[in-house]
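Dear colleague,

I am handing over the structure we spoke about, and below it you will find notes on what turned up. Please read them with the structure open beside you.

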Amino acid sequence: MSEDQELGITEQKEYNPGEWYAEVVEKAELASYGPDGMGGFIVTRPRGYSLWESVQDNLDAWFKETGVDNAYFPLFIPESYLEREKDIVEGFDPEVAWVTQGGHDELEERLAVRPTSESIIAPYMAQWVRSHRDLPLRLNQWCSVVRWEATDTKPFFRTKEFLWQEGHTAHETEDEAWEETLTRLDQYQRLYEEVFAMPVMRGAKPDHDKFPGADTTTTVEALMPDGKSVQGGTSHYLGQSFAEAFDLTFSDVDENDRVAHTTSWGLSWRALGALIMTHSDDQGLVLPPTVAPEQVVIVPIWQEETKEDVLQYSAEIAAELEEAGVRVHLDDRDERNPGFKYNEWELKGVPLRLEIGPNEVEDEEITAVHRPDGEQETTARETLVEDVEDHLDEVFAKLYAAAEETLEENVREADSPEEIMGTIGQHGGYVRTPWCGDEACEEAIKEKVHAEIVAVPLDEGDAEGEHRENAHRAEPIHEEGDECTVCGDPAVETAYFAQSY
């Protein structure tokens with residue numbers, strides 16, 4: 001096999017999406033699989049970690065703009081802490097990894113490897129909150145968690161250990177906590193739409209699928225090109241159950257003791273899996289300019305007699321773009337021909353390629369090539385920076401438009417169980433249908449086509465945006481008198497069925 005063939009993608013996204021995805025991740029140098037005998041773990045390579053840094057940079061800035069402080073809590077959680085919130089214990093028990101020995105000594109109490117941190121953070125929030133003046137308290141930590149449930153490793157999508165951020169807040173009132181919940185949901189949606197060039201559907205999880213112990217779980221869902229949904233980020237209104245379990249109380253303005261309302265919210269590197277799956281193609285990784293480690297690659301094309309002039313001109317272009325804040329790489333390797341460089345940088349997802357040969361030098365021009373579709377355009381040297389920025393904006397717009405079309409074309413209606421299953425089996429995507437609220441009706445579909453209710457509509461308040469009583473409940477959008485598509489009982493809300501990662 002030639003080196004060019006080894007470099008390229010051999011699987012096709014349309015026919016073998018799982019194998020194709022794994023090949024893109026490995027050959028684009030995003031991640032490698034963990035050591036033998038450690039299934040479910042990956043090694044994140046620098047190019048992959050740089051994508052996570054883009055997530056961190058954006059979300060962290062938005063969090064801090066809205067009053068959040070970063071902190072860090074222990075990786076290990078005493079079993080007695082975990083057991084203080086029974087729903088957490090029941091919800092995560094099958095996935096918890098336990099430490100029972102330290103060095104040569106047996107531990108007096110088992111320590112859970114952090115599956116989520118409510119049980120270790122809430123007790124300290126309870127220590128730090130005494131009065132209404134201490135509220136709201138908003139904390140976030142960037143860390144990894146371990147959930148021992150992954151069988152087949154899919155880098156970023158499904159691993160036993162994964163990176164994420166988890167926010168935890170305490171508030172005086174339900175209204176304030178609910179506003180917090182939606183603020184974080186807004187920021188997750190913003191990340192996908194403004195940074196990842198991906199539209200998402202926002203909603204709530206059905207009661208049987210909400211976060212253990214939560215009152216309401218809200219979600220942003222991203223539809224993949226293979227028709228499966230990705231839970232892109234969740235924000236939970238926890239009510240007062242965690243505060244009661246961990247004695248998170250405060251004295252109000254009248255010196256009365258009250259129980260706080262709490263939230264938690266998190267986004268993991270599953271978002272990177274969704275990003276890679278959505279935009280990439282059979283040539284390799286495709287990245288929006290907002291997250292690409294290199295936004296522009298310059299490929300000089302020369303013969304021996306033109307080499308000096310071409311390289312000098314290319315270096316000047318690179319320096320001008322770098323000074324303007326563009327992440328640019330000049331590929332002046334002597335041992336690689338231009339065709340090899342084109343393929344390599346396409347594989348690695350660079351959004352814009354600038355080709356510079358003797359003709360461009362003579363005419364003081366640059367040939368720009370868009371990664372998503374190969375569109376070429378010649379631009380003048382004198383308008384270089386402005387034109388490159390326009391090209392990058394165009395690339396972003398193309399990626400968003402393609403993802404938006406995928407979403408819009410793949411939301412369908414169904415009037416019978418057979419139609420739900422047939423639609424998902426044939427097309428994938430979301431099937432919107434009236435639902436009675438009974439989990440058994442979901443199970444009937446899930447058993448046949450492995451599809452579940454990924455979201456129900458979310459009522460976020462009235463037209464003026466004001467919170468109203470029970471606004472965190474899903475609002476029925478079906479017609480009055482509709483019947484559940486599965487069982488025929490009266491419908492209470494609308495469900496979106498889909499297969500999911």
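In what order do the three strands of the open sheet stand, and is the pairing parallel or antiparallel? Please keep in mind throughout that this is a predicted model. The order is E4-E6-E5, and the pairing is antiparallel. Strand E4 (76-78) and strand E5 (97-102) are at the edges and have a single partner strand each, so one side of each is left without a neighbour in the sheet. On average, and with direction ignored, neighbouring strands of this sheet are turned by 45° against each other. If you look at E5 and strand E6 (residues 105-113), you will find that they pair in the antiparallel sense over five bridges, and that Val-99 has Leu-111 in E6 as its bridge partner.

The next item is helix H15 (residues 439-449), whose buried residues are Cys-441, Glu-442, Ile-445 and Val-449. These residues lie on the same side of H15, because they cover an arc of only 100° around the axis. Among the elements that cover them are helix H14 (417-427), strand E21 (430-435), strand E22 (452-455) and strand E23 (493-498). The N-terminal end of H15 is capped by Asp-438, which has a side-chain oxygen 2.9 Å from the backbone nitrogen of Ala-440, while just after the helix His-450 takes a positive phi of about 55°.

A pair of helices also deserves a look. Helix H2 (residues 17-27) packs with helix H9 (residues 270-279) at an angle of about 105°, and their axes are 11 Å apart; the two helices are therefore roughly perpendicular to each other. Where they meet, H2 contributes Trp-20, Tyr-21, Val-24 and Val-25, and H9 contributes Gly-273, Ile-276 and Met-277.

Is Leu-238 buried or exposed? Its relative accessible area is 4%, and residues under 20% count as buried, so Leu-238 is buried. Once its neighbours within four places in sequence are left aside, Leu-238 is in contact with Glu-118, Phe-211, Gly-213, Ala-214, Asp-215, Thr-262, Thr-263 and Ser-264. Leu-238 and Thr-169 are 69 residues apart in sequence, and their C-alpha atoms are 9.8 Å apart in space.

How values were computed: Residues are numbered from 1 along each chain as its sequence is written. This is a predicted model: local features need pLDDT of at least 70, side-chain atom pairs count only at pLDDT 80 or more; totals for chains, interfaces and linings use all residues. Side-chain values use heavy atoms; hydrogens and water are left out. Buried means under 20% relative accessible area, exposed over 50%, partly exposed in between (1.4 Å probe, protein chains only). Helices (H or I, at least four residues) and strands (E, at least two) are DSSP runs, numbered from the N terminus. The arc is that of the directions from the helix axis to the C-beta atoms. Contact means heavy atoms within 4.5 Å. A polar contact is a pair of N or O atoms within 3.5 Å; within protein, one must be able to donate a hydrogen and the other to accept it, and residues adjacent in sequence count only if both atoms are side-chain atoms. Two strands pair if DSSP finds at least two bridges between them. Axes are lines fitted to C-alpha atoms, for helices over the stretch in contact, and angles run from 0 to 180 degrees between N-to-C directions. Angles under 35 degrees count as roughly parallel, over 145 as roughly antiparallel, 65 to 115 as roughly perpendicular and the rest as oblique.
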